[in-house]
Amino acid sequence: MFPFRPAACSAMSAKPALALCALLLPVLTACGDTGGLAGAGATPTASGPVHLWPGREGAVVPPADPGGAPPQYVQGIPPVRDQNVHDVDPVALVQAELRTHPNADVGPDGMPPETAAAIRDCGKEGVEPGACPVRTPYYRDLTGNGRDELIVGIDFPDKMMSVRVYTADADGRLNRIMATTQTVVAVELAGQDVVLRVPSGNNGYELSTAWSWDEKQRTMLPTREQIVRVPARPPAASPVPGTSTSPGGTGPGSVPEARPGSGAGSGTGPGPGPGSAPGTP
């Protein structure tokens with residue numbers, strides 16, 4: 001870079017000096033560039049959706065059906081102190097609901113007779129903990145009030161599950177704000193949403209439904225649905241010759257024997273999907 005003094009422009013004749021200064025000033029400006037914003041050139045103009053056949057009279061959309069279970073106060077349990085749902089026994093809670101709706105087989109409280117009988121036996125002497133259909137609860141602030149809600153899962157036959165959510169009010173009442181029964185692939189927590197993944201009916205796809213708190217309805221409603229392609233599963237690896245794959249094997253390929261009440265197969269194990277860790281009162 002050769003030295004340049006702006007004062008030199010005044011010592012030259014008018015026209016040559018102006019021409020030389022015009023050539024050198026952009027160079028000097030570039031040398032002083034500090035990395036600020038620079039124009040990227042022209043961008044295409046954004047355009048909204050085009051309404052096809054605007055003269056056609058469209059169908060009338062009926063008012064929205066809330067689609068969720070109406071809020072319902074749970075009867076037959078002690079008052080919840082300080083709105084702390086961590087103190088609520090989930091098994092005693094579901095048993096109280098069974099006493100209130102003993103013969104319900106459809107709707108939010110609907111339950112197969114064998115499941116209802118197993119829930120009534122939960123906690124009794126001689127009954128294995130893994131035989132109780134009520135799973136370990138999860139906790140998450142789903143209403144945005146700064147306090148956790150209680151999320152309960154109840155296993156039904158044929159991979160079906162009843163997913164229920166409860167919140168406590170300032171008067172100590174426990175209010176059920178979600179209850180749905182689905183053939184569940186997985187249950188997840190995403191932010192303040194409860195997401196249920198279920199088979200879609202199309203091979204290779206599943207339906208993902210997000211349930212969200214609705215302040216106006218005072219309940220959880222299905223707010224978003226999407227059909228998601230399921231990634232292909234990798235083929236199972238072939239066993240290495242000379243290794244054992246039986247539960248009692250001792251070779252490098254042996255599989256440890258599962259114990260009753262442990263792992264995902266237990267009726268009291270934590271449900272699938274990310275979220276806050278299951279709490280204990």
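**View 1. Strands β2 and β3 pair in this predicted model.** The two strands run antiparallel and are joined by three bridges. Strand β3 covers residues 149–155. Tyr138 has Ile151 of β3 as its bridge partner. Helix α3, residues 90–100, packs on the sheet. The helix touches β3, β4 (160–168) and β5 (174–183). Its direction makes about 70 degrees with that of β3.

**View 2. Five strands form an open sheet.** Their order is β1-β5-β4-β3-β2, and the pairing is antiparallel. Strands β1 (72–73) and β2 (138–140) are the edges. Each of these edge strands pairs on one side only.

**View 3. The largest nonpolar core holds 21 residues.** Leu150 and Leu174 touch the most other members. Two or more residues come from each of α3, α4 (113–120), β3 and β4. A separate core has 16 residues, including Ile151, Val163, Val165 and Met178. In soluble globular proteins, nonpolar side chains tend to be buried together.

**View 4. Leu174 and its contacts beyond four places in sequence.** Gln72, Tyr73 and Val74 are among the residues that Leu174 contacts.

**View 5. Helix α4 has a buried face.** Thr115, Ala116 and Ile119 are the buried residues of α4. Seen down the helix axis, they fall within an arc of 100 degrees, so they line one face of α4. The cover over these buried residues includes α3 and β3.

**View 6. Strand β7 is largely enclosed by the rest of the structure.** The strand spans residues 193–199. Five of its seven residues are buried, which means that β7 is largely enclosed. Five bridges join β7 to β6 (residues 186–190), and this pair runs antiparallel. Ala186 stands opposite Arg197 in β7. Strands β6 and β7 form a hairpin with two residues between them. In the turn, Gly191 has a positive phi of about 65 degrees.

**View 7. Strands β7 and β8 form a hairpin.** Six bridges join β7 to β8 (residues 205–214), and the two run antiparallel. Val195 has Ala210 of β8 as its bridge partner. Five residues lie between the strands of this hairpin. Gly201 takes a positive phi near 95 degrees here.

Key
Residues are numbered from 1 along each chain as its sequence is written. This is a predicted model: local features need pLDDT of at least 70, side-chain atom pairs count only at pLDDT 80 or more; totals for chains, interfaces and linings use all residues. Side-chain values use heavy atoms; hydrogens and water are left out. Two strands pair if DSSP finds at least two bridges between them. Helices (H or I, at least four residues) and strands (E, at least two) are DSSP runs, numbered from the N terminus. Contact means heavy atoms within 4.5 Å. Axes are lines fitted to C-alpha atoms, for helices over the stretch in contact, and angles run from 0 to 180 degrees between N-to-C directions. A nonpolar core is a set of buried Ala, Val, Leu, Ile, Met, Phe, Trp, Tyr and Cys residues joined through side-chain atoms within 4.5 Å. Buried means under 20% relative accessible area, exposed over 50%, partly exposed in between (1.4 Å probe, protein chains only). The arc is that of the directions from the helix axis to the C-beta atoms.
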